[in-house]
Amino acid sequence: MIYKNDIIRTISLLLLVLTAIVLFSEQTQADTLNQGMQKQIPKIIDYLNEHEFKTVGVLKFRVKKPGQKTTSSAGPLNSHLADRLEVGLILANPFDEARQLNIIKDASATAAKIDKANHLSEAGRKALFGPRFKLAWGNKSEVADAFLTGVVQMHDDNQRATIGILCFNRNGGGLEKACEVFDVNLDAETLGELGESFLLRGAFDGGSTQLAFKDHQKQKQQQILKAAARVKTQQVKFPLDDSAAPIKLEILYDGHPVAVELRDGQAFVAEPQAGQKVELALNRNHSTQGRLGAVLKVNGENTLYRQVVRDIDCAKWILSSDHKRTVVKGYQMQDNKAEKFAVLSKSDSAKRAMDYGREVGQIQLTVFKELKGAKPVPTILNEEDQDLIAMLRGVHPAEQPKNLGALKHQIRLAGRNGSQTRGLIVQGEQAANKVQTVKFNADPTPVMSVTITYFKP
């Protein structure tokens, strides 16, 4: 015989178990890097207000990979995280004047021009508090009260990372935490931005429903994490050396192909000499089906229009069965001109490598397949999701708004819609170089990402 009290106790026990399962699931379901950082922004703003820091800039992040030194040039992520944190601070910036922050626009670009600026030393930090920095809205320039930066530490599994957001201020002292350290899951986009390489084998066609499309993307993300780990541990061939690679990248100095050295799961080429003509050739694999979109970056800048946004948002070189080879001779500009690649002298290269400029010494290729089938049904996004998308783009409007409200609106709107010398590749002289614009709807998850290092500071 079952008594009423026994039934109540059983139901209560089941509810407790279910609650525990839900709580455990929520705790173990880690955010992506960008989601995790977005959640910390209100806490960072509170920290800055508590310490009465009014004018604040964000400097380039540093990255620590297992078994390697901490570096400011692991990949585009070093600069992209600073861009995204800056935009995130703008979007979350209070309108209350008592708590509103003055956000510096692209603090790293100004810091790169300051002699001996270096937030890792006391003297270098002091150098950053003398000059005036341009603010993100209006026409004012101010001396900074504090700077934010951060460190990304990858875990050994190549699938997770620990993030620390740090602050230093005008009153001296070292770096201190601006919020609690947090753990995140890595994804395909972040791996590419970290300079990791992978090749996703097989054909991937999107599903006909939103649910199927999302599940398909999630499955590919997991496959990419495993593929990148196998490349890193040399269990499989490096993508450039794999016959299944959809696009082969050829690097030419003075018209001659340069040999690529593969070691420890990474790719390297010899540094170009000053005065050499540098070209990059994209060759489509003859066995590949359908059109491909390629994002080709030098030092973190897209060779199309010098964009510095994430790869999926970049303009892409399109290769098809009718157009199997593209030779990129420089940074293609909007007016059908190209700024030829040039090479800095060795002394200039060393100077550039020590500042807060964008990535130095890397060539990156990311390949997207064309999205087939019905497009996924757009999801109605809440305000938080819209801000995350705007933060992911990490870019300011072309014209600087007069006030904070206008800036927030425009960012959200854009989110929707002697001896031999060797050195860094930079832009050089302009040349006529007409390109044709075609429509290409990219599958959001890349099928290949490759990083080649040509210069080590």
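Is K177 buried, partly exposed or exposed? I looked this one up to start: K177 has a relative accessible area of 46%, so K177 is partly exposed. My cut-offs, with a 1.4 Å probe and protein chains only, are under 20% relative accessible area for buried, over 50% for exposed, and partly exposed in between.

A note on what I am reading: this is a predicted model, where local features need pLDDT of at least 70, side-chain atom pairs count only at pLDDT 80 or more, and totals for chains, interfaces and linings use all residues. Residues are numbered from 1 along each chain as its sequence is written, and side-chain values use heavy atoms, with hydrogens and water left out.

Next, I turned to salt bridges (a side-chain nitrogen of Lys or Arg within 4 Å of a carboxyl oxygen of Asp or Glu). I found 20 by this rule. K177 pairs with E180 at 4.0 Å, N to O, and E180 is exposed at 56% relative accessible area. D31 and K39 form another, at 3.0 Å from N to O. For D443 and K220 the closest N and O atoms are 2.8 Å apart, and both residues are buried. I also traced one network, in which salt bridges with shared partners link R84, E189, E193, R310 and D313.

Then I checked G173, which sits in the loop between β7 (160–169) and β8 (176–177); strands are DSSP runs of E, at least two residues, and helices are runs of H or I, at least four, numbered from the N terminus. G173 is partly exposed because its relative accessibility is 47%. From G173 to S121 I get 9.9 Å, C-alpha to C-alpha, across 52 residues of sequence.

Last stop, α9 (residues 383–393): D387, L388, A390, M391 and L392 are buried there. After α9 comes G394, with a positive phi near 60 degrees.
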